[in-house]
There are 2 protein chains.
Amino acid sequence: MTTLKRWVLKHRPQGEIAPGDLELVEEPIADLADGEVLVRNVYLSLDPTNRIWMSDQDQYLPPVQIGETMRGGGIGVVERSRSDSFKQGDVVNPGLAGWSTHTIAAAGAVSPVPAIPGVPLTAFMSVLGATGLTAWFGMIDIGKPQAGETVVVSAAAGAVGSIAGQLAKLRGARVIGIAGGKAKCDWLTGELGFDGAIDYKSENVGAALDRLCPNGIDVNFENVGGEIMDAVFSRMNNFGRMVLCGMISTYNAGGIPAGPTDFSRILMHRLTVKGFIIIDYLPRASEALAELGPLVASGALKWKVHVEDGLENAVAAVGRLFTGDHDGKLLLRISPEP
Amino acid sequence: MTTLKRWVLKHRPQGEIAPGDLELVEEPIADLADGEVLVRNVYLSLDPTNRIWMSDQDQYLPPVQIGETMRGGGIGVVERSRSDSFKQGDVVNPGLAGWSTHTIAAAGAVSPVPAIPGVPLTAFMSVLGATGLTAWFGMIDIGKPQAGETVVVSAAAGAVGSIAGQLAKLRGARVIGIAGGKAKCDWLTGELGFDGAIDYKSENVGAALDRLCPNGIDVNFENVGGEIMDAVFSRMNNFGRMVLCGMISTYNAGGIPAGPTDFSRILMHRLTVKGFIIIDYLPRASEALAELGPLVASGALKWKVHVEDGLENAVAAVGRLFTGDHDGKLLLRISPEP
């Protein structure tokens, strides 16, 4: 292989990501400098935040610039190495892989992916990767659900939400999930042990919350924003915690997304609203993995990945996040597992 | 004295509190039951939250009901006692005094006010009372200002704001106050040691914040709400803390007050927004008083009270909170100090 392919941002999307917003380019693979490795990417993580990075809205990292390779996290296999730290065949996280078949990275930015018997590689792209860490730090470190409290998770069948909800259950909380469609809701209550699920596509979320959360809501793990967030927020109990993890319903809309209708509820009900981005917590990853690792190994924590194939399908694949047309952590397989 | 006077809520105010919204009634003082004390009230605390209690908006205590005595905190002197815990002449906090010349309270609800040489009684109605506790828990326990951080306090010349700002200065923060009028601003920078002050009545707050907070804002001690809050919020740094103590600019408006324009800033900049009500912190009062007491005794902490006289002037007096026509913690003197 002497060439690589990568997706370059051409235009900032208006609304949904359109095929012409990114361009797939092919180019020769550069020679490695001393201390660099060439990684053949295997899995690319597709995440709601990709849409934020494509925009120039106020955000937590610099937007991807027009003409740059689209940013993304991934796992791959070392194909060539000019570093003593890595050899051909090593499975690694190359830092930010990008939407690319190959990544050249300085060895210092590359981290090895451990091989754990019985744990598939995709786990490190989901429950033992940023997805699981996001769920753990958001729910455990920020949300702090207590036994008997009521927790509501939006996008609850999603990669992060499904783990966050299970973690709250393990703390003894009563957990209600909001998801799109009967199948997802059935999965939450039937397999994950959620105490209730609300299908926002067919139910009035507010009325369902009134029915399922008769004692109000203590913790909101919020992934969605907009009207769903407002329905939960307006039912938050005194001393409630809103863990603001994402606002996916607003990312395609452009402009400034609406907040909750009655901000003064934060005062009157002594709420804490805390936004977080997982990159800030990576230095503390071991705290989360100490719980997640055994739960994954024992099978006590359920998780799913939804794998689409082929870098050329990246744009179509990422769109599934916004329609809900996926089932678990959305990954793009760029090349075969080693 | 065989009668008392008390203000009864007649109508919920529309906009500003109007004279007819409350009625001053006179009635015989009831006989004491066993275990009760009769307190002649000396000082009544007038606070922005009084306006909330008069409304039926969603709030942190039950609204004062039509026909009830207006709620309020105060200090007084025991006139009669049928409790072994208190004797005539004791200076006490009778729990909630109400807007009344006298309060009959069960001894269990009454607490003694200590006599500290050199510390006037009004200190216990301000810097060593709920006002000072509000400033301390809001700024120190929630805001957690660090040396070198930028702190912005709104209503900074107010009873709470002026103490909150000084506490942040003592932690080594750079403190900017927002207040109404040159005299208040001069007091903040000239006497309290604030690093800057913004006169919202004559300056564009956003432009002034840009000038005075070139490195953004780390802590916002928020008392005002509305456009002033939004100007501060939109300049909050990553990991910033908004201490939501009050939203006085919205209390007379009715309806649901606006929140910050861009709620998603909480996510993108990993902000923490926490509302608090001082009554929740009263069990921890000693933590605050351990710092406030010595600061008051030494004169290191500056504080002011603005005393209006006569229970009959309560309605006019409380209105000063909303026009800013007062200078320090607003108190109503109902009867002479002992």
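This is a predicted model: local features need pLDDT of at least 70, side-chain atom pairs count only at pLDDT 80 or more; totals for chains, interfaces and linings use all residues.
Q: Let's start with α2 in chain A. How many of its 14 residues are buried?
A: Twelve. The helix covers residues 130-143 and is mostly covered.

Q: Which ones are buried?
A: Among them are A:Leu133, A:Trp136, A:Phe137, A:Met139 and A:Ile142.

Q: New topic. How many residues of chain B are in contact with chain A?
A: 28 residues of chain B are in contact with 27 residues of chain A.

Q: Which elements of chain B supply at least two residues to that side?
A: α8 (265-268) and β13 of chain B each do.

Q: How does that side divide into nonpolar, polar and charged?
A: The chain B side has 14 nonpolar, eight polar and six charged residues.

Q: Back to β13. How many bridges join β13 of chain A to β13(B)?
A: Three, and the two strands run antiparallel.

Q: Which residues stand opposite each other there?
A: A:Val273 stands opposite B:Val273. A:Thr272 stands opposite B:Lys274.

Q: What about inside chain B: is the pairing of β12 with β13(B) parallel or antiparallel?
A: Parallel, over four bridges. β12 of chain B spans residues 236-244. One of its residues, B:Met242, has B:Val273 as its bridge partner.

Q: Are the faces of β13(B) covered or open?
A: Both are covered. B:Thr272 and B:Lys274 are buried on one side. B:Val273 and B:Gly275 are buried on the other.

Key:
Residues are numbered from 1 along each chain as its sequence is written. Chains are lettered from A and ligands numbered from 1 in the order in which they are written. A residue is buried if 20 or more other C-beta atoms lie within 10 Å of its own, exposed if 12 or fewer, and partly exposed in between; C-beta atoms are placed from the backbone. Two strands pair if DSSP finds at least two bridges between them. Two residues are in contact if their C-beta atoms, placed from the backbone, lie within 7 Å. Ala, Val, Leu, Ile, Met, Phe, Trp, Tyr, Cys and Pro count as nonpolar, Asp, Glu, Lys and Arg as charged, and the others, Gly among them, as polar.
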